[in-house]
Amino acid sequence: MARVGAGLPNRLFIKLLLAFWLTSLVIVGAVILLPKFQQLDDRQPLQTWQQEMLTKSARRIERLPIQDVDRFVDRLRHPDRRPPPGMMQRPEFRDGPLKDDRFRFHIVTPQGGVLGRHQQRLPKPVRKFLLESENLQQQLSVRSRSAVVFGPQPLTLKGEPYLLLVEMRKSHPRSWLFYLQDNPLVLILAMALASGIIFGFVAWHFGKPLNALKRTAQQLAEGDLDARVDRHILNRRDEVGQLAKSFDAMASSLSTQVREQQRLISDISHELRTPLTRIQLALALARKKGQDSNELMRLGQQADQMEMMIQELLQLSRLTNQGSEHRQRFALDSLLDAVIDGARFEAEQQGKQVHTQLADGLTLVGNDTLLCRAVENLLRNAIRYGEHRITLTTEQRQQRVLISVEDDGPGVPPAQLEAIFKPFHRVSEARDRQSGGWGLGLAIVQAAATAHHGSVAASLGQQGGLKVTLNLPAA
């Protein structure tokens with residue numbers, strides 16, 4: 001059964017195939033059916049007044065003293081509508097349709113042949129009448145855009161049988177469908193519009209849920225582990241719905257694994273604190289008893305570094321959960337005041353200076369504690385590796401707030417500018433363990449930026465050192 005199901009065409013294939021077939025049917029149907037509809041609309045049975053007019057006109061023409069049939073037909077067909085010589089001398093022809101400029105009379109042979117000495121070409125409405133008449137034995141009315149031709153009416157001239165056709169000059173409004181047939185360019189544009197509407201609907205039908213999947217994937221990439229696909233997309237029965245269900249399952253699994261990893265890091269950090277506390281207590285007791293030595297001093301330094309590493313691990317594990325909590329609006333300059341004061345004091349102890357270029361009136365929405373910790377990490381990182389000068393700048397570009405920290409230190413190789421935000425990543429060329437740190441400071445900055453729906457990027461500054469920029473949404 002599985003092989004049979006796998007061999008059947010999928011629903012997406014069927015929908016696209018139906019859309020193609022429907023478009024093809026619309027185009028081919030329009031090309032084939034438009035002439036049929038036009039013919040049915042243009043061909044009508046004779047009305048009473050048309051039948052009476054044909055009969056009376058044929059009788060009157062038969063009573064005329066016609067010497068030359070071809071010459072008579074030429075004069076009858078002439079646009080100036082002048083009657084043949086002697087016609088107006090007869091009382092019965094002084095009035096009526098023969099004198100009305102709206103009507104023209106055409107005489108043809110029983111086979112539809114053209115009469116006249118000059119073999120003048122018949123007008124287009126008359127030619128259309130002869131083409132659409134299956135035989136010239138049945139009377140009917142054929143309408144065109146500029147005239148109506150009705151007939152034929154048998155008559156005899158000089159002992160020979162002929163047929164009389166009447167052309168009535170009159171403009172007739174026609175359906176827009178027939179206008180398309182008379183204008184091929186407009187018909188092509190209409191078919192292109194129809195196919196565009198059909199395939200546009202198909203593209204919207206599949207593009208809308210795919211865009212929703214894309215937005216959900218972006219939310220996951222930005223750290224929102226609770227992002228899921230909309231319910232109406234999951235209820236679809238085609239491949240898009242199946243993809244949405246698989247995507248949701250993947251997101252749930254990913255969220256579970258990330259949270260378990262964070263919990264594991266937090267649990268391990270907490271568990272490490274217990275033996276570390278005992279080690280520090282034992283060292284303190286040894287110093288109290290006067291057993292201080294270089295070995296105990298080195299052991300105490302390693303214990304202090306381990307304590308700092310555990311604190312950073314705990315801070316990193318809490319960032320994701322705390323990022324969505326305690327969100328509020330706050331002024332950026334007031335938040336940075338305490339951070340800058342602490343950084344300047346620390347820099348002065350090492351013979352370095354912290355310069356600031358802060359824009360006024362910048363506000364953010366988020367967790368001020370996390371953001372304060374992120375900027376503090378950037379400043380401490382710059383103080384640790386800078387030579388003399390550290391610069392902190394803030395500015396607003398459209399709806400984004402940029403916080404940049406730059407130092408004049410050895411910098412970072414360009415190939416590692418993206419990797420420095422990964423936990424425990426260290427650049428051995430410019431930083432060694434003697435400088436302190438475990439490669440968690442910039443990872444905390446990255447987590448704080450993600451929690452605020454922002455981003456962080458590193459580049460080489462104008463002073464030759466490292467420049468790190470936080471890009472956050474403005475309030």
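**Loops, a cis bond and salt bridges**

User: Gln398 lies in the loop between strand S9 (389-397) and strand S10 (400-407). Is Gln398 buried or exposed?

Analyst: In this predicted model, the relative accessible area of Gln398 comes to 74%. The cut-off for an exposed residue is over 50%, and because 74% passes that cut-off, Gln398 is classed as exposed.

User: What is the phi of Gln398 near?

Analyst: Most residues other than glycine have a negative phi. Gln398, a residue other than glycine, has a positive phi instead, with a value near 55°.

User: Where is Lys158 found, and what is its relative accessibility?

Analyst: Lys158 is not a glycine, yet it has a positive phi of about 55°. Its place is the loop between S4 and strand S5 (160-169). Lys158 counts as exposed because its relative accessibility is 55%.

User: Which peptide bond is cis?

Analyst: Most peptide bonds are trans. The exception to describe here has an omega near -5°, and its proline, Pro152, sits in strand S4 (residues 147-157). The cis peptide bond is the one from Gly151 to Pro152.

User: Is Arg236 buried or exposed?

Analyst: Arg236 is placed in the loop between helix H8 (231-234) and helix H9 (239-288). Leaving aside residues up to four places away in sequence, Arg236 touches Lys15, His205, Phe206, Pro209 and Gly241. The cut-off for a buried residue is under 20% relative accessible area, and because Arg236 has 16% relative accessibility, it counts as buried.

User: Which residues gather in a patch of negative charge on the surface?

Analyst: One member, Asp360, is in the loop between strand S7 (353-357) and strand S8 (363-366), and at 72% relative accessibility it counts as exposed. Together, the residues that form this patch of negative charge on the surface are Asp333, Asp337, Asp341 and Asp360.

User: How many salt bridges does the count come to?

Analyst: Side chains of opposite charge can pair when their charged atoms come close. The cut-off applied is a side-chain nitrogen of Lys or Arg within 4 Å of a carboxyl oxygen of Asp or Glu. By this rule, the number of salt bridges is five.

User: How many residues apart are Arg380 and Glu346?

Analyst: Arg380 and Glu346 form a salt bridge in which the closest N and O atoms are 3.8 Å apart. This pair links distant parts of the chain, with Arg380 in helix H12 (residues 368-385), Glu346 in helix H11 (residues 332-349), and a separation of 34 residues.

User: Which residues are linked in a network of salt bridges?

Analyst: Arg380 also meets Glu376 in a salt bridge of 2.9 Å, N to O, and these two residues both lie in helix H12, four residues apart, about one turn of the helix. Relative accessibility is 39% for Arg380 and 24% for Glu376, while Glu346 has a relative accessible area of 28%. The residues linked in the network are Glu346, Glu376 and Arg380.

How values were computed: Residues are numbered from 1 along each chain as its sequence is written. This is a predicted model: local features need pLDDT of at least 70, side-chain atom pairs count only at pLDDT 80 or more; totals for chains, interfaces and linings use all residues. Side-chain values use heavy atoms; hydrogens and water are left out. Buried means under 20% relative accessible area, exposed over 50%, partly exposed in between (1.4 Å probe, protein chains only). Contact means heavy atoms within 4.5 Å. Patches are made of residues with over 30% relative accessible area and no salt bridge: like charges are joined within 9 Å, nonpolar side chains (Val, Leu, Ile, Met, Phe, Trp, Tyr) within 5 Å. Accessible areas come from the Shrake-Rupley method with a 1.4 Å probe; for residues, only the protein chains shown count as cover. Lys and Arg count as positive and Asp and Glu as negative; His and the chain ends are not counted. The place of a charge is taken as NZ of Lys, CZ of Arg, CG of Asp or CD of Glu.
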